[in-house]
Amino acid sequence: MSLELFFQYLVAGITYGAVYAVVAVGFNIIYNSTGIINFAQGEFVMLGGMIAISLVQWLPLAWAIAAAVALTMLIGALMELCCIRWLRQPSILQMLIITIGISILLREGALHIWGEGIRSLPYFYGDAITAWTFGPVRLSPQVVWVLLACGCMVAALHLFFNRSTLGREMRACAVNRTAAALCGIKTRNMVTLSFVLSAGMGALAGCMISPITYTQYDSGAALALKGFTAAILGGLGNSMAAVAAGLLLGILEAFSITLVPLAFQDAVAVSLLLLILFIKPHGLFGSSAVARLKAF
Amino acid sequence: MLTIRNLESGYGQLRVLKNISLHVRSGEIVAIIGANGAGKTTLVHVVAGLLKPWRGDLFFQEEDITRTPAEVMAALGCVLVPEGRQVFASMSVEDNLLLGGSILRKRNGTAALRSQMEQQYARFPVLQARRSQLAGTLSGGEQQMLAMARALMAKPRLVMMDEPSTGLAPLIVREIFTIIAQLRAEGNTVLLIEQNARAALDIADRGYVLETGKIIVQGKAAELLANNDVQRAYLGREQIG
């Protein structure tokens with residue numbers, strides 16, 4: 001493999017990996033506040049992209065993206081308010097099936113609204129063949145956008161959870177819901193907020209990646225699977241590990257095409273997922289003891 | 001300050017509390033003693049709003065709190081130091097205190113929160129020494145102090161403590177009870193749930209004895225200490241003659 005090709009794969013892997021990381025972090029935020037996996041997480045990514053693509057006909061790109069993110073956050077909030085909040089003492093299974101149902105609903109809704117066509121946002125800067133060359137590395141400006149946006153999101157989230165009062169209250173709910181309620185924290189609002197946050201993150205990632213990967217009504221499912229794999233790989237509930245795991249998964253996937261045909265790319269993630277679940281269900285960076293001391 | 005009338009509650013089909021009536025007056029330490037499974041924890045969980053009552057009325061400072069949820073109870077000034085401490089294990093001591101003061105911050109602002117935290121550090125110097133340590137790494141006694149300090153951060157009117165002595169060395173238990181007595185001296189009201197009947201009645205003004213969900217004896221702490229039945233059942237002293 002030439003050096004140039006190596007970097008080509010690496011950059012592609014990191015780009016996809018960054019999106020997987022954001023989806024995985026979204027999984028973790030909701031997992032930490034409710035103890036469930038939100039299977040509609042991938043649909044947030046799809047919705048972000050699709051809404052932005054529709055809005056960009058009328059609005060400047062930046063505004064279209066902002067509006068798409070806001071709308072997806074609203075959908076996330078509605079999802080929690082309508083389907084999760086009113087349940088009295090819901091079982092994990094009940095909530096899981098609800099999120100699967102919502103993911104199907106959102107996907108079919110998207111099919112109804114946007115049809116089967118494959119769409120994409122325009123490149124934010126230049127076009128598909130614009131590239132910056134650094135020695136052996138060729139970077140599309142869009143890749144820089146993706147990495148920048150995902151990096152900023154993760155950093156902002158980290159600051160939010162560790163420095164802000166609201167973030168601290170959300171962490172408290174994740175650690176010990178009863179004790180948080182006894183401290184006067186409205187735990188249900190924190191759950192809503194976790195849906196809003198992860199919907200917004202997913203939507204923004206969906207907009208950033210759309211020019212590269214295109215968006216279709218069912219593109220959420222594959223992303224959810226990859227994000228879920230990354231979340232498990234890092235150890236559920238641990239967001240910083242999920243970021244590392246997401247990048248790792250992206251890079252593995254990118255390099256896999258040197259060994260197996262492109263069509264098997266998705267199989268790489270699935271086999272990896274199965275492998276982890278068989279061998280190390282607490283994740284690469286987790287241990288059963290640490291799992292109990294989970295944190296964002 | 002707190003009045004409970006004809007309370008019944010439980011879990012699922014299981015009725016744990018049967019027709020409980022009790023009251024706590026301002027400035028008192030009231031002890032509720034009883035064996036394992038008598039319903040002590042269930043009782044404070046109902047008051048704290050963690051569990052719904054089936055029947056009966058609860059009043060806190062003339063306000064009907066029969067259906068008030070936990071987060072509102074804390075805001076009303078009625079806090080619970082839960083059994084088994086329940087500190088936020090993966091967060092720092094300081095974060096735990098800040099969380100305990102979230103009500104105070106909403107009501108009185110950040111300056112009040114800071115000064116309240118300084119007061120708790122003065123009361124529990126060991127917490128100040130460990131302020132940036134993760135709460136889960138503290139010893140049992142330190143965690144109990146943290147749980148108490150966290151509850152006091154809300155500037156409560158009534159502090160309920162569920163089994164503060166569980167699993168602690170006798171010397172630490174004495175320290176904890178000294179602090180509880182101090183709280184009364186500062187004008188606080190305390191509802192104390194204890195299996196350790198002697199330690200509780202020694203500092204309490206009044207007491208209730210709970211047995212299989214019913215109050216069987218009540219009275220002044222000194223009277224309960226002298227009561228033959230209480231002595232036999234809860235103080236481990238067989239009557240001679």
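Guide: Two residues are in contact if their C-beta atoms, placed from the backbone, lie within 7 Å. Keep that rule in mind as we look around this model, which is predicted.

Visitor: Which residues of α5(A) and α6(A) meet by that rule?

Guide: From α5(A) come A:Phe160, A:Phe161, A:Asn162 and A:Arg163, and from α6(A) come A:Gly167, A:Met170 and A:Arg171. Sorted by class, this contact has three nonpolar, two polar and two charged residues.

Visitor: Why are α5(A) and α6(A) called roughly perpendicular to each other?

Guide: The label goes to angles from 65 to 115 degrees. Helix α5 of chain A, residues 141–163, packs on α6(A) at about 80°, and the two axes are 5 Å apart. That angle falls in the range, so α5(A) and α6(A) are roughly perpendicular.

Visitor: And what makes α6(A) and α8(A) roughly perpendicular?

Guide: Helix α8 of chain A covers residues 187–213, and its axis comes within 10 Å of that of α6(A), crossing at roughly 105°. The two are therefore roughly perpendicular as well. On the α6(A) side you find A:Glu169, A:Met170 and A:Cys173, meeting A:Thr187, A:Met190, A:Leu193 and A:Ser194 of α8(A). Four of the residues in this contact are nonpolar, two are polar and one is charged.

Visitor: How do you know whether the radius of gyration of chain A agrees with that of a compact globule?

Guide: We set one value against the other: a compact globule with 296 residues would have a radius of gyration near 19 Å, and chain A has 19 Å, so the two agree. Along the principal axes, the C-alpha atoms of chain A fill a box of roughly 60 × 45 × 35 Å.

Visitor: What makes a residue buried, and what percentage of chain A counts as buried?

Guide: A residue needs 20 or more other C-beta atoms within 10 Å of its own. In chain A, 48% of the 296 residues count as buried.

Visitor: How many helices and strands does chain A have?

Guide: Chain A has twelve helices and two strands. Along the sequence they follow the pattern α-α-α-α-β-β-α-α-α-α-α-α-α-α.

Visitor: Let's move to chain B. How do you know that β3 and β8 of chain B are paired?

Guide: Pairing needs at least two bridges. Strand β3 (residues 29–33) and strand β8 (residues 189–194) of chain B are joined by five bridges and run parallel. So β3(B) and β8(B) count as a pair. For B:Ile33, the bridge partner in β8(B) is B:Glu194.

Visitor: Why do β6 and β10 of chain B stand at the edges?

Guide: The six strands form an open sheet in the order β6-β7-β8-β3-β9-β10, with mixed pairing. Strands β6 (78–81) and β10 (214–220) of chain B each have a single partner strand, so one side of each is left without a neighbour in the sheet. On average, neighbouring strands are turned by 15° against each other, direction ignored.

Terms used. Residues numbered from 1 in each chain as written. Chains lettered and ligands numbered in written order. Predicted model: local features only at pLDDT ≥ 70, side-chain atom pairs only at ≥ 80, totals over all residues. Helix = DSSP H or I, 4+ residues; strand = E, 2+ residues; numbered from the N terminus. Axes fitted to C-alpha atoms, helices over the stretch in contact; angles between N-to-C directions. Rg over C-alpha atoms; globule rule 2.2 N^0.38 Å. Buried ≥ 20, exposed ≤ 12 C-beta atoms within 10 Å, placed from the backbone. Parallel < 35°, antiparallel > 145°, perpendicular 65-115°, else oblique. Nonpolar A, V, L, I, M, F, W, Y, C, P; charged D, E, K, R; others polar.
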